[in-house]
Amino acid sequence: MSLHEAGAVTGVGETKYMRGTDRTPVSLAMEAALNAIADAGLKPTDIDGLIPYGAGAVAEDFVTNFGIADLRFSATTPMGGASAVASIQCALAAIQAGICKHVLLSLGRTGYSGGRIGTRVQQMPQFRTIGEFEMPSGAIAPPQLYAVMARRHFELYGTTSRQLAEIAVTTRQHAIMNPNATMQRPMTIEDHQASRMISDPFRLLDCSLESDGAAAVVISAPDIANDLRKRPVLVMGVAEGHPDSPSVISQRPDITTLGLAKAAPKAFAMAGVTHSDIDVAEVYDCFTYIVMCQLEDMGFCKKGEGGGFVENGALGINGRLPVNTHGGLLSEAHMAGMNHIVELTRQLRGEAAVQVPDAEIGLVTGYGDLGDGSIAIMRRA
Amino acid sequence: MAYEKLVPEPTADTKPFWDALHEGKFRLQRCADCKKIRHYPRPVCDACYSMNAEWVEASGRGTVHSWTITHHAFHPGFKGDLPFTLLTVDLEEGVRMQAQARGIDEAELKLGLPVKVGFERVKDDLTLPVFRKG
């Protein structure tokens, strides 16, 4: 038994993405959820499973606001930025077990207007160990913790900041063509190289945004997905992967490999496809380096060859592997990867703002909490 | 002036490490049964699942595994330190540790650079480890 095509994305929704709002994360999450439910052609009371992300809107908020009378499944996937895609696996398992039929994945946040993301990390319980042993020395925020991984990659393989710049520039090019992306000013390699250093080798333009907004996804049982409003997008393969030493990067045997390296072979095997079948990839991009590292860990190139792989616009809409066609966390909005699932769905329906011509099969990844990974491979029905 | 940086909150599992640092000694936790050294301190040995632990004096010597030079203060307490270098170090005992570098120029940094643990008393009840050239 596997989760191969055990569920389909039937609805996706977002709010306007912003850098500044008076609204609450709960209000934003409700708006995106209602948009996703309407996109699927469902009523809010049809939702019988909920997987909310983070501390914004919790299951109880949806029950209260939607008047759900008989919620049959409620879960969370505590994997930071890997949570949204890992939730797909959780939803499929619940659907296949017959527990529920329509699972809503939700994320709403005020990452810009509320508690800033960088300083919130130290209060998270999964970071207890680094909280005691590394944060007192000044290693506090993700860009510092991940910069150490990037520096070793640079030293071992000759990877350069200009190669990371290629990722930032290509992602911005996509964002400029997407009206809901918050960053609309063109970026050059030189702009990236001139941006201020945050934690070497990461410059400002290697880092993702802090954003306000919400995104939501409805996953439905495959037998009823065909009767809904939009053409379903079937989940062919899905997996999560946890790195060695998951809570402390410094103790990880190989700090240049992420949890995704364990998940990707499982997802590709379940999907029954190979890398050359992937028409479009939405790859979690909290930092440029993390995109490159995941491309290696998924096997699009060998470990150490990611710098060369991303050069010369390879990740552009007309490149060899179009990546983050919406502008990603770097230039659309930081919706912790829920916006990546929304974008992959739109690509495979043929309704994206920046459309890869005739995209049939694509993948989406998540990355978070110092190395957790998740991946889903999908196809249009 | 008040100390405004983040401070560790030692537990029963970790206090001997901090107490030793405060006495100018660098100690690591070791399984009392199979003798495997582990860091950071924790309740269970992942080799034999023993919960018996002991503390042993470590050499403090190691080599640079990676680094980052931070130019942005993510916490107001560290603003005055910018820029500062964080080293991830392979200790001789087979575990790693992260701490700030002292007296090492950016141009000297490379994988494998020998370093040695130093001790910085930052407040009355707290000593933090740092790395100096070994």
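# Questions on a predicted two-chain model

Trainee: In this predicted model, how many residues of chain B are in contact with chain A?
Mentor: The model is a predicted one, and its two chains touch through 28 residues on the side of chain A.

Trainee: Which strand of chain B gives the most to the side that touches chain A?
Mentor: Three strands of chain B, β4 (61-70), β5 (84-91) and β6 (96-101), each supply at least two residues of the side that touches chain A. By class, that side has 15 nonpolar, twelve polar and four charged residues. With six residues, the strand that gives the most is β4(B).

Trainee: Where does A:Ser199 find its opposite residue in β4(B)?
Mentor: Strand β5 (residues 197-200) of chain A pairs with β4(B) in the antiparallel sense, over two bridges. Within β4(B), the residue that stands opposite A:Ser199 is B:Thr70.

Trainee: How far apart do the C-alpha centres of domain 1 and domain 2 of chain B lie?
Mentor: Chain B is divided into domain 1, covering 12-58, and domain 2, covering 59-134. Nine residues of domain 1 of chain B are in contact with eleven residues of domain 2 of chain B. Between the C-alpha centres of the two domains of chain B, the separation is 21 Å.

Trainee: Which elements give two or more residues to the side of domain 1 of chain B that touches domain 2 of chain B?
Mentor: By class, that side of domain 1 of chain B has five nonpolar, three polar and one charged residues. The elements of chain B that give two or more residues to it are α1 (15-22) and β2 (37-38).

Trainee: Which residue of β3(B) stands opposite B:Leu28?
Mentor: An open sheet of three strands in chain B has the order β2-β1-β3 with antiparallel pairing, and its edge strands are β2 and β3 (53-57), each of which pairs on one side only. Strand β1 (residues 27-31) of chain B is joined to β3(B) in the antiparallel sense over five bridges. In β3(B), the residue opposite B:Leu28 is B:Val56.

Trainee: At about what angle to β1(B) does α1(B) run?
Mentor: The helix α1(B) lies across two strands of chain B, β1 and β3. Relative to β1(B), the direction of α1(B) is at about 150°.

Trainee: Which strands stand at the edges of the nine-strand sheet of chain A?
Mentor: Nine strands of chain A form an open sheet with mixed pairing, in the order β3-β2-β4-β7-β1-β8-β11-β10-β9. Each edge strand has a single partner strand, so one side of each is left without a neighbour in the sheet. The edge strands of chain A are β3 (73-74) and β9 (280-282).

Trainee: Which residue of β3(A) stands opposite A:Gly49?
Mentor: From strand β2 (residues 49-52) of chain A, A:Gly49 and A:Ile51 point one way while A:Leu50 and A:Pro52 point the other way, and all are buried. The strands β2(A) and β3(A) pair in the parallel sense over two bridges. In β3(A), the residue opposite A:Gly49 is A:Phe73.

Trainee: What is the bridge partner of A:Gly366 in β11(A)?
Mentor: Strand β10 (residues 361-368) and strand β11 (residues 372-380) of chain A run antiparallel and are joined by eight bridges. In β11(A), the partner of A:Gly366 is A:Ser374.

Note on methods: Residues are numbered from 1 along each chain as its sequence is written. Chains are lettered from A and ligands numbered from 1 in the order in which they are written. This is a predicted model: local features need pLDDT of at least 70, side-chain atom pairs count only at pLDDT 80 or more; totals for chains, interfaces and linings use all residues. Two residues are in contact if their C-beta atoms, placed from the backbone, lie within 7 Å. Helices (H or I, at least four residues) and strands (E, at least two) are DSSP runs, numbered from the N terminus. Ala, Val, Leu, Ile, Met, Phe, Trp, Tyr, Cys and Pro count as nonpolar, Asp, Glu, Lys and Arg as charged, and the others, Gly among them, as polar. Two strands pair if DSSP finds at least two bridges between them. Domain bounds come from an automatic or database domain assignment. Axes are lines fitted to C-alpha atoms, for helices over the stretch in contact, and angles run from 0 to 180 degrees between N-to-C directions. A residue is buried if 20 or more other C-beta atoms lie within 10 Å of its own, exposed if 12 or fewer, and partly exposed in between; C-beta atoms are placed from the backbone.
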